[in-house]
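Let me put the thing up on the screen and then we'll walk through it.

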Amino acid sequence: QRAGDTEKAASVGAAVVAAEPDGAEADAARGANAARLATVVDLGGRRELAADLRAIAAAAVERHPRDLVLFARMQHAVVTSAKFQGAPALALRASLAQADAWSRVGDLKQVAGAETNVGDVWMHLGRYAEAEEVLRGVLVSGERLGLRVVTALARHNLGFSLARQGRLVE
């Protein structure tokens, strides 16, 4: 997800779309990779390819309903797409589902990243107290886990949430 890698991700994404996985494990891996790539190419403005990749991921989730990593990655792709579509309710549902799936997997780093999305969506919905609560939790866990980018994003969104509550001094 490095800045400027959209074209490389699009090239890999096109290969994922064309791939014919051999077996259940390969199918689930293709779905998880499609979801990750969908997020990257969506951020880079490649909406049609992102939609194709999300469709692959969604189909894989249906075939592998117990694969929580696949499900979490798919939900992250949905969050990204929903934000671009102006669908905050969908983004909230998907970000909550993503955080829950990562929690069930036991991946605390991914939980913190997903909860950053939860806080961001609450903020965009005007639910600043909810955003503040989630983002303060992310600051604690992100700092404890050494997640500088996650912590920076949480702090950034927390600042907006506090400002919109009239608490600029904090």
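Quick definition before any numbers: accessible areas here come from the Shrake-Rupley method with a 1.4 Å probe, and for residues, only the protein chains shown count as cover. On that basis the protein chain exposes about 9200 Å², and carbon and sulfur atoms supply 53% of it.

Now the housekeeping. This is a predicted model, so local features need pLDDT of at least 70 and side-chain atom pairs count only at pLDDT 80 or more, while totals for chains, interfaces and linings use all residues. Residues are numbered from 1 along each chain as its sequence is written, and side-chain values use heavy atoms, with hydrogens and water left out.

Big picture, then. The protein chain has eight helices and zero strands; both are DSSP runs numbered from the N terminus, helices being H or I with at least four residues and strands E with at least two. Along its principal axes, the C-alpha trace spans about 55 × 30 × 30 Å. Of the 170 residues, 44% count as buried, where buried means under 20% relative accessible area, exposed over 50%, and partly exposed in between, with a 1.4 Å probe and protein chains only.

Let's zoom in on helix H3, residues 47-63. Its 17 residues reach 24 Å from first C-alpha to last, close to the 24 Å expected at 1.5 Å a residue; the expected span is 1.5 Å times one less than the number of residues. Which residues of H3 are buried? That would be Leu49, Ala50, Leu53, Arg54, Ile56, Ala57, Ala60 and Val61. Down the axis of H3, these fall within an arc of 160°, so they line one face of the helix; the arc is that of the directions from the helix axis to the C-beta atoms. Glu48 and Glu62, on the other side of H3, are exposed. And the cover over the buried residues includes helix H1 (6-18), helix H2 (24-43) and H4.

Speaking of H4, residues 68-85, that's where Thr80 lies. Thr80 counts as buried because its relative accessibility is 8%. Leaving out residues up to four places away in sequence, Thr80 touches Thr39, Asp42 and Leu43, contact meaning heavy atoms within 4.5 Å.

Last topic: charges. Side chains of opposite charge can pair when their charged atoms come close. A search of the whole structure finds nine salt bridges, each a side-chain nitrogen of Lys or Arg within 4 Å of a carboxyl oxygen of Asp or Glu. One of them joins Arg104 and Asp100 at 3.1 Å, N to O, and both sit in helix H5 (residues 88-105), four residues apart, about one turn of the helix.

Is Glu132 buried or exposed? It counts as buried, at 12% relative accessibility. Glu132 forms a salt bridge with Arg136, closest N and O atoms 2.9 Å apart, and Arg167 forms one with Glu132 at 2.7 Å. Elsewhere, salt bridges that share partners join Asp42, Arg47 and Arg54 into one network.
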